[in-house]
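Please report on the helices, paired strands and nonpolar cores of this model. Keep it brisk and stay with the coordinates.

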Amino acid sequence: MIRTLPLVCSDCGNKFIPNDELYYRDNFLSTNIKDVHFVCSDCIGKWQAKWQIKAAEFFEKDYVLTVTITLADGTVYENLDCTPLETTVVTSEEIPEAAQRKLFAIYSDWDAARKKNYLKDCTFKDEFMRTTFSCETYGGEKFNDVAFRFNMKGQIETETPVPEYVLQQIVDAYRIYEMQNKE
């Protein structure tokens with residue numbers, strides 16, 4: 001039997017005829033086509049126009065990534081859970097794919113800036129009466145065969161100047177290196 005289903009927008013409540021595409025909102029509780037939440041083209045257009053991202057700030061704490069988004073109309077969405085994927089950032093708020101892509105571009109810049117000073121790799125070389133390290137940060141800084149030692153106070157000293165943010169990571173990496181060599 002062939003039946004009809006009047007298309008009513010779940011946002012504005014008006015009946016509509018779809019254009020080239022039929023928009024609907026995922027509803028995992030739907031077991032019947034009558035339960036599907038259809039959305040008209042006008043409401044989709046308004047939704048997409050609303051999501052013009054002016055600014056976004058990412059935060060990470062205890063391995064939980066959140067974002068605060070400011071839209072062009074001044075609306076602010078604070079501390080949305082988010083997950084970066086290949087080319088988009090998915091948030092706990094339903095946003096258009098174009099906005100997800102823009103968020104990913106902002107996220108990529110933020111992630112590169114925060115990783116800039118972190119060690120990408122680090123190796124140690126023990127020779128007679130001399131220990132050296134070679135390392136590179138994600139920002140591209142390289143330090144090759146830098147001799148170092150720990151003074152009587154337990155502080156690291158290097159033969160050439162190395163930024164403090166790198167030295168702290170070298171100390172941590174060297175402790176791990178020593179523990180691995182004891183085993």
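Helix H3 covers residues 164-182, and its end C-alpha atoms are 27 Å apart. That agrees with the 27 Å that its 19 residues should span at 1.5 Å a residue; the expected span is 1.5 Å times one less than the number of residues. Helices (H or I, at least four residues) and strands (E, at least two) are DSSP runs, numbered from the N terminus. This is a predicted model, in which local features need pLDDT of at least 70 and side-chain atom pairs count only at pLDDT 80 or more, while totals for chains, interfaces and linings use all residues. Residues are numbered from 1 along each chain as its sequence is written, and side-chain values use heavy atoms, with hydrogens and water left out.

The buried residues of H3 are Val166, Leu167, Gln169, Ile170, Val171, Tyr174 and Tyr177. Buried means under 20% relative accessible area, exposed over 50%, and partly exposed in between (1.4 Å probe, protein chains only). These H3 residues pack against E7, E8, strand E9 (142-150) and strand E10 (156-158).

Helix H2 also has 19 residues. From first C-alpha to last, H2 reaches 26 Å, close to the 27 Å expected. Ala99, Gln100, Leu103, Phe104, Tyr107 and Asp111 are buried in H2. Seen down the helix axis, they fall within an arc of 140°, so they line one face of H2. The arc is taken over directions from the axis to the C-beta atoms. The face turned away carries exposed Ala98, Asp109 and Ala113. Cover for the buried residues of H2 includes E3, E4, E5 and strand E6 (89-91).

The strand pairs come next. Two strands pair if DSSP finds at least two bridges between them.

| Antiparallel pair | Bridges |
|---|---|
| E3 and E4 | Eight |
| E4 and E5 | Four |
| E7 and E8 | Eight |

The hairpin of E3 and E4 has two residues between the strands, and Asp62 takes a positive phi near 55°. Phe59 has Thr66 as its bridge partner in E4. Four residues separate E4 and E5 in their hairpin, where Gly74 in the turn has a positive phi of about 95°. Ile69 is bridged to Tyr77 in E5. Between E7 and E8 there are two residues, and Met129 in this hairpin takes a positive phi near 60°. Thr123 has Ser134 as its bridge partner in E8.

Strand E4 has six of its eight residues buried, so it is largely enclosed by the rest of the structure. Thr68 lies in E4. Its relative accessibility is 16%, so Thr68 counts as buried. The Thr68 side chain reaches the backbone nitrogen of Asn79 at 3.2 Å.

Which residues of the largest nonpolar core touch the most other members? They are Trp51, Phe58, Val67, Ile69, Val89 and Leu103, out of 17 residues. Strands E3 (53-61), E4 (64-71) and E5 (76-84) and helix H2 (97-115) each give two or more residues to this core. A nonpolar core is a set of buried Ala, Val, Leu, Ile, Met, Phe, Trp, Tyr and Cys residues joined through side-chain atoms within 4.5 Å. Beyond neighbours within four places in sequence, Leu103 is in contact (heavy atoms within 4.5 Å) with Ile53, Ala56, Phe58, Val67, Ile69, Val89, Thr91 and Ile95. A second, separate core has 15 residues, including Phe124, Phe133, Cys135 and Ile156.

Methods
A polar contact is a pair of N or O atoms within 3.5 Å; within protein, one must be able to donate a hydrogen and the other to accept it, and residues adjacent in sequence count only if both atoms are side-chain atoms.
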